[in-house]
Amino acid sequence: MSILNTLDTLADTAPPQIQATTTLQELEDLRVQLLGKKGQLTDILKGMATVSNEERPLIGQKANHIKTQLQDALDQRKTQLEAAAWESELQGDQTDITLPSRRTRLGKRHPTNQTLQDVIACFTRLGFSLKEGPDIETDYYNFEALNIPEHHPARAMHDTFYLNTGYLTTGHVLRTHTSPVQIHEMEKLEPGQALKIIVPGKVYRCDADVTHSPCFHQVEGLYVDKNVSFAQLKGTLSHFLKEMFGAKRQVRFRPSYFPFTEPSTEVDVACFKCSGKGCNLCKQTGWLEILGAGMVNRNVFRSVKLDPDQVTGFAFGLGIERIAMLRYEINDIRLFTENDYRFLEQF
Ligand code: DAH
């Protein structure tokens, strides 16, 4: 048989063989067998040495043509077999890609912390700097220096936790308010120096019901300088309350009594549920009591060795949980510490 004929036979028989392969490996083996270095085509072309000069270019052309044809057929079959393999792999895969993904839960600030941060942010903008004090105080710092002597009726209102060892009292208490930090900070003052601080912290009282918790948070404020006025106190607190509860919110200063301030005031905002008409949130008064404040009592200045004729100051104190309860209409203070997801998720 002439080389041309052998080439024709190869061109006829190879394509069905290629088409008949069922795996990629089988196809690769066939490729080597047909077009590889020791394959059939190479084998056929070995006979070139014996052909005439006229025939040689013809054979070369034909061989090239067949080689391309076979290569194309091999490539095409490879694509088919790869697609089939991919499909069967997908069918065997047990992952259900239509299954909805698991819900991720993002953390967020606790409502107490959120309120605390808002209060601090407002006073920081007004130039108050942040201070902290110890949770355990002596009787002196918690009461005495704040003009609450022993047997003063105001002590009864504080439901104090006393720290005892057996039957001996140590003279230490869990602080019932953040006001003792006023004393610590004023004790450090040099004559003529001013002080403008905001003091967040935990406080403790032996009391528990829906509006009282044995541990809660307060923020104390103190501004001491020459000629600090009650007008400045009103301006500062009005600004703060409008920033917290809205610019149109009405604010009212009511005369009150605290041993460590004179004069003293309690500050209310118009009820944000009924806007002053009277409802269950404001107990039909139209007002919500927000904080206590006043001008620093002269006796307090005396206890920190400051001359009450030289310095003046204002102070205020507010309960964070109380503000958060009013703000978010939370009716049970225990919710803040129960850490129930259904509650916390709402903020
Ligand atoms: N210490 C007070 C309390 O716990 C709150 C308070 C009232 C603080 C008036 C002050 C103030 O600084 O001037 O009830």
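User: Which residues do ring pairs link into a cluster?

Analyst: This is a predicted model. The structure holds 12 aromatic pairs. One of them joins Phe-123 and Phe-128. Ring pairs link these two into a cluster whose members are Phe-123, Phe-128, Tyr-223, Phe-240, Phe-314 and Phe-316.

User: Is the pair of Phe-123 and Phe-128 stacked or edge-to-face?

Analyst: Planes over 60 degrees apart count as edge-to-face. For Phe-123 and Phe-128 the angle between the planes is 80 degrees, with 5.3 Å centre to centre. The pair is therefore classed, by the over 60 cut-off, as edge-to-face.

User: Is Phe-128 buried or exposed?

Analyst: Buried means under 20% relative accessible area. Phe-128 has a relative accessible area of 3%, so Phe-128 is buried.

User: Which charged residue sits over the ring of Phe-128?

Analyst: The charged end in question is 5.1 Å from the centre of the Phe-128 ring. That residue also lies over the face of Tyr-223, at 5.1 Å from the ring centre. Both Phe-128 and Tyr-223 belong to the ring cluster. The residue over the ring of Phe-128 is Lys-196.

User: How are the rings of Tyr-328 and Phe-347 arranged, stacked or edge-to-face?

Analyst: The ring centres of Tyr-328 and Phe-347 are 4.9 Å apart. Their planes stand at 70 degrees, so the pair is edge-to-face.

User: Where in the chain are Tyr-328 and Phe-347, and how many residues apart?

Analyst: Tyr-328 is in helix α11 (residues 320-328), and Phe-347 is in the segment after α13 (341-344). At 28% relative accessibility, Tyr-328 counts as partly exposed, and Phe-347 is partly exposed at 27%. The pair links distant parts of the chain, 19 residues apart.

User: Which element gives the largest share of the largest nonpolar core?

Analyst: The largest nonpolar core has 33 residues, of which Phe-240 and Leu-291 touch the most other members. Elements giving two or more residues to this core include α5 (111-125), α9 (230-245) and β9 (287-296). The largest share is 6 residues, and the element is α9.

User: Which residues is Leu-291 in contact with, leaving aside neighbours within four places in sequence?

Analyst: Leu-291 is among the residues that touch the most other members of the largest nonpolar core. With neighbours within four places set aside, its contacts are Leu-237, Phe-240, Leu-241, Thr-265, Glu-266, Val-267, Gly-317 and Leu-318.

User: How many residues are in the second, separate core?

Analyst: This core includes Ala-145, Ala-154, Ile-183 and Phe-260. The second core is separate, and its residues number 23.

Conventions:
Residues are numbered from 1 along each chain as its sequence is written. This is a predicted model: local features need pLDDT of at least 70, side-chain atom pairs count only at pLDDT 80 or more; totals for chains, interfaces and linings use all residues. Side-chain values use heavy atoms; hydrogens and water are left out. Rings of Phe, Tyr and Trp (its six-membered ring) pair if their centres lie within 6.5 Å; planes under 30 degrees apart count as stacked, over 60 as edge-to-face and the rest as tilted. Buried means under 20% relative accessible area, exposed over 50%, partly exposed in between (1.4 Å probe, protein chains only). Helices (H or I, at least four residues) and strands (E, at least two) are DSSP runs, numbered from the N terminus. A charge sits over a ring if NZ of Lys or CZ of Arg is within 6 Å of the ring centre and within 35 degrees of the ring normal. A nonpolar core is a set of buried Ala, Val, Leu, Ile, Met, Phe, Trp, Tyr and Cys residues joined through side-chain atoms within 4.5 Å. Contact means heavy atoms within 4.5 Å.
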